Every structure is written in structure tokens, then in C-alpha cells.
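Work through the exercises below with the model open. Try each task before reading its solution.

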Amino acid sequence: EYIQVTTGEGKLVQVRTSKFEEIMQAAQQVSSFATEMEGAYFDYIQPSCQALLPLLSASDEESYLCEEVRSVALSSWALLIKCARTGATERGLPPATLAGELLRESLKNCFALLDQTKDAENLAQTASGMAECIKNAGGGILRPEEITLMVGKIFAFMDQSLARTESGEKLKADHKKKNAVAGLADDDDDNEDEDQNEEEQLRRNFEEVLGSIMEVAPAEFLPCLPTCAERLRQWVSTQQHKVVGL
């Protein structure tokens, strides 16, 4: 038995249901172990990450198309980062070493995924997972230059989302105008509104990523404040983008 899944590029691909469920269950089991055992799971973190990594890296079509599975895998990865920090502290090891390695690996793959798809719902899931990874890693890991680069990329992704929203609103207005002239009903409003809501949620999740960086590395984030302030001024000054700024 097969199910159809849509990739980030909109391509429909068939995947065997049993394999999809098997991968999902494995990712959920890792999440359960990490949640229940916390620092005691330290010795099993690296083999667990090796099993989860293909789901994050989107290195093949099967793992790339399983958006739901990848969301669970990213959530599990965030829990493993927490286990790494807790377990290292309990063993008298530097708490940021393994947690830092896992965080950077997750960020590398997340940014690659954000570059590969324009689907707002999938992007939002990835952004939410990024925020959890950063929060669970804690302070003393991200360097100022890394933060500056990340913040710049996040703002670029937010700009892309705003551009998609503006384009969608223009298409919606043009569609309504054509239907009004032809005397037809607007039957696509629900789908268009859903797209806009997904873009809004995506921007909120990107804001969550920025907030998580501020939370764990407030001093290192200071050089980014002027850029953030300028962005806020730009957004608040326009009615269309005021919600994002606020």
C-alpha cells in the first residue's frame, strides 16, 4: 500500500505506507527515550543522531518527501541536544562540546532545507525546530559571527515570505476584479486565505528563531540590534507589514 506525498518542490511521489510508518515510529522512539532518560541517554546520542541525520539532510528523495517525519526528527534532534548538555554536565564534561556539534549540524541542515523549498507550512516547521535546537543548546555555543550570519539569513527568508504575501494579495485582487467583471463568485478565497495564514505563521516562527538566539546569547546578539531596529522601523512604518514589526 502506498501514499502520495508532496515534496517541497511540489512534486508528487509515492512512498510505501509501511516504510513511512516505520521511519516515523523510529523517530518518535528516539524522542521518547531522550525525554524520559535526559542525561542518562548521553551514551546513545551519537548513534541516534546517525540514524536521524538522513531525515534532516534531505539527501535522498524518500527522506526529502517525508515532511511530517522530518519535523518529528528535528524535534527529536532538539531533545538530543538537551540530553547532550545535561549528560555532559552530569559527567563533568564541557557542556557545550557535543551540544555545540549537534546544534551546528542541525542549523546547517535546516538552512539547507529553507533554501530548497518555498512552501510556507514546511518552512514554518523547520523554523520552529531550529528555535527549539537553539534554546536546548543554551549559552556559550554560538559565536558572534555565526549569529550575525544567521540573523541576516533569517531576515532574508522573512523578506521572501513578505514578497510571497504581497504577490498573493495582488493575484487575489486581480482575480476578484476579473470575476466581478464576469459576474462570477470568488470560490478560491479560502485557499488564498490559507496560504496567507501559513506565511504569517512562518514569519512568527522566524521571529521565534531570533528570540531564541537573543535568549541564549544576549551579549553576542548585541551587534545585530541596529539591524533589528532598522527592520522594525521599516515594518512598523507600513500598514501592510506592521503586524510583523509589532
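Buried means under 20% relative accessible area, exposed over 50%, and partly exposed in between, with a 1.4 Å probe and protein chains only. Helices (H or I, at least four residues) and strands (E, at least two) are DSSP runs, numbered from the N terminus. The model is predicted: local features need pLDDT of at least 70, side-chain atom pairs count only at pLDDT 80 or more, and totals for chains, interfaces and linings use all residues. Residues are numbered from 1 along each chain as its sequence is written, and side-chain values use heavy atoms, with hydrogens and water left out.

**Exercise 1. The overall fold**

Task: state how many helices and strands the protein has, and in what order they run.

Solution. Start with the count: there are eleven helices and two strands. Then read from the N terminus: the order is β-β-α-α-α-α-α-α-α-α-α-α-α. Next, take burial. Of the 246 residues, 42% are buried. Now turn to contacts (heavy atoms within 4.5 Å). Among those between residues at least 6 apart in sequence, 72% join residues at least 24 apart. Finish with the surface, computed by the Shrake-Rupley method with a 1.4 Å probe; for residues, only the protein chains shown count as cover. The protein exposes about 13000 Å², and carbon and sulfur atoms supply 52% of that area.

**Exercise 2. Helix H10**

Task: find which residues of H10 are buried, and work out where they fall around the axis.

Solution. First check the geometry. The expected span is 1.5 Å times one less than the number of residues. H10 (residues 225-236) has twelve residues and should span 16 Å; its end C-alpha atoms are 16 Å apart, so the two agree. Second, list the buried residues: Cys228, Arg231 and Trp235. Third, look down the axis. The buried residues of H10 fall within an arc of 65°, so they line one face of the helix. That arc is taken over the directions from the helix axis to the C-beta atoms.

A salt bridge here is a side-chain nitrogen of Lys or Arg within 4 Å of a carboxyl oxygen of Asp or Glu. Arg233 forms one with Glu230, with the closest N and O atoms 2.8 Å apart. Both lie in H10, three residues apart, about one turn of the helix. Arg233 counts as exposed because its relative accessibility is 52%. Glu230, at 33%, counts as partly exposed.

**Exercise 3. Helix H6 and its link to H8**

Task: describe H6, then identify which helix Lys135 ties it to.

Solution. Begin with length. H6 (residues 120-137) has 18 residues and reaches 26 Å from its first C-alpha to its last, close to the 26 Å expected. Next, cover: 13 of the 18 residues of H6 are buried. Just after the helix, Gly138 takes a positive phi of about 80°.

Now the charged pairs. Side chains of opposite charge can pair when their charged atoms come close. Glu132 forms a salt bridge with Lys135, at 4.0 Å between the closest N and O atoms. These two residues both lie in H6, three residues apart. Glu132 is partly exposed at 34% relative accessibility, and Lys135 is partly exposed at 30%. Lys135 also meets Glu208 in a salt bridge (3.5 Å, N to O). Lys135 lies in H6 and Glu208 in H8 (residues 189-216), so the pair ties together parts that are 73 residues apart in sequence. Glu208 counts as partly exposed, at 25%. The structure holds ten salt bridges.

**Exercise 4. Inside or outside?**

Solution. Take Ser106 in helix H5 (residues 96-116). Leaving aside neighbours within four places in sequence, Ser106 is in contact with Trp77, Ile81 and Cys133. Now take Phe33, in helix H1 (residues 17-37). Together with Met37 and Tyr44, Phe33 makes a nonpolar surface patch of about 300 Å². Patches are made of residues with over 30% relative accessible area and no salt bridge; like charges are joined within 9 Å, and nonpolar side chains (Val, Leu, Ile, Met, Phe, Trp, Tyr) within 5 Å.
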